[in-house]
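This explanation goes through the nonpolar cores and then the salt bridges. Please keep the sequence and the structure in view while reading.

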Amino acid sequence: MSCNKEYATVCEGDSYFWPLTGAYYTAKVGTDTYTNPLNVKDTLFLTGIELPKISIGTMAVTCDDESTIRIPFTGTTGVADSIDIAIGTNNYIGSIVGSDIVFTRAAELVAGDYSAVVTIGTKGYSCNQVVPVQFSVALGGVMYRKWTDVLFVSNADNLFVTYQWYENGLMMAGETKQSLYRPEGLPGLYYCQLVTTDGKTLTTCEQAFDDVQPSRDESTQPAKVRSTTLYDPMGRILQTRPNQGIYIVFEELENGETRAYKIGIYE
């Protein structure tokens, strides 16, 4: 009787069907060399390819002025050299850069929260891991600082109806105004969670404000003012005649820009 040898490479957990004298016998990955007990001269040399496996933790956040989306991961095993990202009906090709899955942020990925399905594979084999992923695109260009102690969220189009400020990743209790006043300065990381008129929740891009810049005298800039709002130092809109003290004037201009400045009222 002849000695039949066969070599095969399959994915971890898959089965290989091995023909022998008209019948099929199953060899499973995990056994390096499988010998059919009915005929010791027919041997299958089987190589198992370890499945690529990763672990993705907390939701990743990307700012909408960045060109790529980065999703951090840990716990990689196997060979992960094929990355496909499905978001709704759209598909994107990713790559692994360090400990991040990276893919180009397309124009349709505007500010908001997203659910994706990431398929991590080994090229040439059907060794795939499918991982559900959550990520968020944050809103840039709407939060800015005036002086060294005040942050504002621009709302020229009246899109936002509620505000919640965060400092160093922690919610700031009671800080739910369009502006944030910190008399001790702004030596941290800040962002604001916003709810829009259609009920969508967005967050501004997180920013650090640990440098000191002088305020500009914007009163000389020629621009027509569309609306003016007066705030007290705690960020509350002033509804009555102001008393003596320091106030913040927030102006929305007809060209879409906004500006803010302090005024002092004294008797």
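Buried means under 20% relative accessible area, exposed means over 50%, and partly exposed lies in between (1.4 Å probe, protein chains only). This is a predicted model, in which local features need pLDDT of at least 70 and side-chain atom pairs count only at pLDDT 80 or more, while totals for chains, interfaces and linings use all residues. Residues are numbered from 1 along each chain as its sequence is written, and side-chain values use heavy atoms, with hydrogens and water left out.

A nonpolar core is a set of buried Ala, Val, Leu, Ile, Met, Phe, Trp, Tyr and Cys residues joined through side-chain atoms within 4.5 Å. The largest has 21 residues, of which Ile-71, Ile-85, Ile-87, Ile-101, Phe-103 and Phe-135 touch the most other members. Another core, of 17 residues, lies apart from it and includes Trp-165 and Leu-180.

The whole structure has three salt bridges, each a side-chain nitrogen of Lys or Arg within 4 Å of a carboxyl oxygen of Asp or Glu. One joins Arg-70 and Asp-100 (3.0 Å, N to O). Arg-70 is partly exposed at 35% relative accessible area, whereas Asp-100 is buried at 15%.

Arg-182 and Glu-167 form another salt bridge, also given as 3.0 Å, N to O. Arg-182 counts as buried, at 16% relative accessibility. Glu-184 also pairs with Arg-182, with the closest N and O atoms 3.1 Å apart, and Glu-184 is exposed at 52%. Through shared partners, Glu-167, Arg-182 and Glu-184 form one network of salt bridges.
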